[in-house]
Amino acid sequence: MSHVRSPIRQEWVTNTDTYGKITEDVVRPIESKPNAMWLLFTAISGLVMIMCFTLIGWTIYKGIGTWGLNKTVGWGFDITNFVFWVGIGHAGTLISAVLMLFRQEWRNSINRASEAMTIFAVFCAALFPLIHMGRIWLAYFTLPLPNTRGSLWVNFNSPLLWDVFAISTYLTVSLVFWYLGMIPDLATIRDRMARGGRKIAAYIYGALAFGWEGSSRNWSRYEVISLILAGLATPLVLSVHSIVSMDFATAVIPGWHTTIFPPYFVAGAIFSGFGMVQTLMIVTRKVYKLENYITMDHMESIAKIVIATGSLVGLAYTTEFFTAYYSGAFFERYIFINRMFGPYSWAYWIMFTCNVITPQLFWFRSIRRNMVLTFIISIFVNVGMWFERYVIIVTSLHRDYITSSWADYYPTWVEAGIFIGTFGFFMFLFFLFSKYLPVINMFEVKTLMHHIKKPQHVIETEAALAADAARQDS
Amino acid sequence: MEKNFLVGKFWNTEHVLDAVKKFQEKDILVYDVYSPFPIHGIEPYLNIRRSRLAIAAFLLGLTGATLAVTCMSLIYGVIWPMNIGGKPALAFPDFVPITFEATVFFACHGMVLTFFIVGQYWPGKKAKLFDDRQTDDVFVVAIDQAKLENEEEAKEVFAQTGAYEITKKTL
């Protein structure tokens, strides 16, 4: 690129000296036949996904009674999973929108896959409030539609309704942002397929590429729209998890009724999302041999965000606990002591260890650059963040103001199956994505290259032209 | 309608920038530059104005916000006031989240639609390509021959600035 660049800055693209190599490396999995490993893992995740939808079908057929919920604990695995999956989604938008506004160059190679992760995670998340309704066919009751049900309108004062708007906006905006970002790359694949004589593939990718030609006029407009979309998606991502947190914070349940929830949830969401980004990227870069684009420095940057947000989450846990103690509110105090030492203390301590203690290992450079350890820690983060939601929801509900209504909650196999099943659903979609769409944003990575060599096809064309000219002269 | 173009192909963005600068100096009108990724700083040489999509986004966002506030106020204030826990039905602070979401929803989707309409993109549209590598690693500078007075001069600029191939193409 033409701007001045400090030589001490690290290179985000390594061992690559032509633009064509990026295209080749990213398109390789799309061009080649699916290998046995991919088929195996896609089949396994597909089966798990089928289990998920079968159990959802069973829940709808039999009713919510198939779950372990009771009158006291009315939210259990369902809302835990909902918040967990929505949280995962936040990293993708953070990478694609917030880091774009901050002009973080390292986002360029991981944004595509993270955005895909966001969308698939929000798909999983959206399932849970829907099936929790029990009568899923009445889901449209949540929309403010003119109706003949005694003119029954939705409650605009309820955060649950805000959530309907937040999640649907978030999902559709993320989808559009993701797709728009992919159009130039789809055009690249279209032309590459056409060059390789693969007509059907060229036709399909061509249809998806919307006739993209890459003219400067297009690019100029494209950059403006990307920037505005990023500007709009940035407050959106903060608003979504703030609203999710208000589902809890506006209730008068001890342990929920606290003003720290919105920032605490947003930090937690980004933390859990980056945990998932780590998990997926470590595997993706290895399997698809993309280490030149998702370098160690990228993985280090992600680890640094994990440590920052993990510490924020730790701070929130401590603040929450201190506030409960210092407020002198009886029920509030009890709930927190009960969280730490009550029947669900095991969940609390799993949460605390996985979210606050293990990510601190990322202070060591050697650990940040060790992919095996990073992978293990990222799994811990995922587990810990799931337990965070479980702890918040179940421990606050199971012992409320009236001792006579205290009850315990444990999930049934149906709930557990649906939860595990959503991982199948998520991974199935991710495997399909990684096989048929470019996992790396090729055009944005190309803008990061600083030392370009003349490509082979140019050398050949020049030689041919020179030979032609020589022939004509003689 | 088909046009005849004089086409210079490059493999490096710096050469492209050199070329468009030279063309501007010599008053030769460049039809457009095609590149696999955005070339920053090329706009002034091609007389590209900054897109006004931001204005569209603002107006669309305003539409969303107005629509949300109007709907909620009408439904809650006029059509069907609801008493939930004795709280006021027409509570504007409670309308903020939905108003915000509606603003973003309208601005984003409306702007993307505007982008597709203005740029004339649609699913299945056939791309007109000067080179089948222009979305991969080749940069194309195209000059409309109908508006080109001195072809030799343009070819000279291409050769000087490092075009590896100079051809003609009808699109």
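Keep in mind that the model you have open is predicted.

**Stop 1: chain B as a whole**

Chain B holds 4 helices and 4 strands, and from the N terminus on they follow the order β-α-β-α-α-β-α-β. Its radius of gyration is 25 Å, well over the 16 Å that the globule rule gives for 171 residues, so chain B is more spread out than a compact globule. Colour by burial next: 41% of the 171 residues in chain B count as buried. If you draw contacts in chain B with a separation of 6 or more, 77% of them come from residues 24 or more positions apart.

**Stop 2: the largest nonpolar core**

Now bring chain A back. The largest nonpolar core has 150 residues, and the members that touch the most others are Met117(A), Ala121(A), Val240(A), Val277(A), Cys108(B) and Met111(B). Select residues 216-249 of chain A to see helix H7, which gives this core its largest share, 15 residues.

Which residues is Met111(B) in contact with, leaving aside its neighbours within four places in sequence? From chain A there are Ile225(A) and Ile228(A), and from chain B there are Leu53(B), Ala56(B), Ala57(B) and Leu60(B). Apart from this core lies another one, of 31 residues; to find it, select Tyr34(B), Ile42(B), Ala142(B) and Ile143(B), which are among its members.

**Stop 3: helices H5 and H7 of chain A**

The crossing is left-handed. For the contact itself, show side chains including Trp162(A), Tyr170(A) and Phe177(A) on H5(A), and Leu236(A), Val240(A) and Ile243(A) on H7(A). You have met Val240(A) already, as one of the residues touching the most other members of the largest core.

**Stop 4: helices H9 and H11 of chain A**

Finally, select residues 296-327 of chain A for H9 and 345-357 for H11; these helices pack at an angle of about 135 degrees, with their axes 8 Å apart. H9(A) and H11(A) are therefore oblique to each other. On H9(A), the contact is made by Gly310(A), Val313(A), Gly314(A) and Tyr317(A). On H11(A), look for Phe352(A), Asn355(A) and Val356(A).

How values were computed. Residues are numbered from 1 along each chain as its sequence is written. Chains are lettered from A and ligands numbered from 1 in the order in which they are written. This is a predicted model: local features need pLDDT of at least 70, side-chain atom pairs count only at pLDDT 80 or more; totals for chains, interfaces and linings use all residues. A nonpolar core is a set of buried Ala, Val, Leu, Ile, Met, Phe, Trp, Tyr and Cys residues joined through C-beta atoms within 7 Å. A residue is buried if 20 or more other C-beta atoms lie within 10 Å of its own, exposed if 12 or fewer, and partly exposed in between; C-beta atoms are placed from the backbone. Helices (H or I, at least four residues) and strands (E, at least two) are DSSP runs, numbered from the N terminus. Two residues are in contact if their C-beta atoms, placed from the backbone, lie within 7 Å. The radius of gyration is taken over C-alpha atoms; the globule rule is 2.2 Å times the number of residues to the power 0.38. A crossing is left-handed if the near helix is turned anticlockwise from the far one by less than a right angle, and right-handed if clockwise. Axes are lines fitted to C-alpha atoms, for helices over the stretch in contact, and angles run from 0 to 180 degrees between N-to-C directions. Angles under 35 degrees count as roughly parallel, over 145 as roughly antiparallel, 65 to 115 as roughly perpendicular and the rest as oblique.
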